[in-house]
Amino acid sequence: MLARPGRTCPLSYRYSPSSITARLSLNAETLWIAGGLYGNTLALDALLEAYEADRSSKALIFNGDFHWFDVDAEDFHRVNETVLRFHALRGNIETEIAAPGEDAGCGCAYPDWVGDATVEHSNRIIERLRATALASGPSLARLAELPMHHAARVGDATVGTVHGDAGSLAGWGFSQEALATAAGYAAARAAFAEAGVDIFASSHTCLPVLQSFDEGAVLINNGSAGMPNFRGMTSGLVSRISVHRSQNALYSTRFNAVFVEAIALAYDHRAWQERFLAQWPAGTDAHASYWERITRGPRYEVAQAVRPATGRAGCARTAAGSR
């Protein structure tokens, strides 16, 4: 089969689910997990403020795609240096700017329900971002060395943090669209036993979902830390997994005594719009793909994101705002 840049998943992105917990490298009371920052420096400021205010024994994981809109060299450098002070995974964006794969394009591995125009825009965005990255110096090599997954213990839960899904850095198996189908729900359910985890945290597919399963397992996809995630809401979203309940959760569930929460990230929305337009004015690829979502949010509701164990088919497929 011919490679299709932006739609094909490179073989180098794939891993065995069992490899996720091969090395448990972290034990904490609280994990903050931020995927899809997308170079939003205002959201980064808000995240660091919220994280510092959490008084528990904690760790912060950036689980990929922390770069994207930050084609300004100063913004790119700030995001890179800040993220690399914490735990970090590489997403497809970091992979394709640090070690581009032949015919991978943006590395998004978009499924068929995402339109061709979105794919083409993303392939051109990565080309422009790569030019900024190549001028960034030695830090680029550090991105290429970042892992594709991470495992930790929080209370009595084993938490597997991935960018995509249980088998691929750019997998869509943990997307809200896949989980709304019988086959997708069953595949995600099986992934917990295969990986040996109780909670999965992911982000790649850009729209949030909190899916519970009959055995008590929980999957949380934070959508995007750096963009709005729901209609009419201007905040980003991050995941918080903790033995201590947050007073600021937008929605949540539990695995035994461990709280799995979505935390709204209220950044300076007006300042971010101005910063975005300075780098991606009208007529550019990122503006065409993302401006409506940045200003109005995607066509997606909180009620669509929260899925009980028996509520497999609670929403229709939508590619609104998908990356």
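Axes are lines fitted to C-alpha atoms, for helices over the stretch in contact, and angles run from 0 to 180 degrees between N-to-C directions. Helices are DSSP runs (H or I, at least four residues), numbered from the N terminus. The model is predicted: local features need pLDDT of at least 70, side-chain atom pairs count only at pLDDT 80 or more, and totals for chains, interfaces and linings use all residues. Residues are numbered from 1 along each chain as its sequence is written, and side-chain values use heavy atoms, without hydrogens and water.

**Exercise 1.** Work out how helix 8 is oriented to helix 9.

*Solution.*
- Step 1: take the geometry. Helix 8 (residues 269-279) packs on helix 9 at about 175°, with the axes 12 Å apart.
- Step 2: apply the cut-offs. Angles under 35 degrees count as roughly parallel, over 145 as roughly antiparallel, 65 to 115 as roughly perpendicular and the rest as oblique.
- Step 3: conclude. Helix 8 and helix 9 are therefore roughly antiparallel.
- Step 4: find the contact (heavy atoms within 4.5 Å). Helix 8 brings His269, Trp272, Gln273, Phe276 and Leu277, and helix 9 brings Ala286, His287, Trp291, Ile294 and Thr295.

**Exercise 2.** Repeat this for helix 4 and helix 9.

*Solution.*
- Step 1: helix 4 (residues 116-134) and helix 9 (residues 285-296) pack at about 125°, with axes 8 Å apart.
- Step 2: the two helices are therefore oblique to each other.
- Step 3: list the partners. Thr118, His121, Ser122, Arg124 and Ile125 of helix 4 meet Asp285, Ala286, Ala288, Ser289 and Tyr290 of helix 9.
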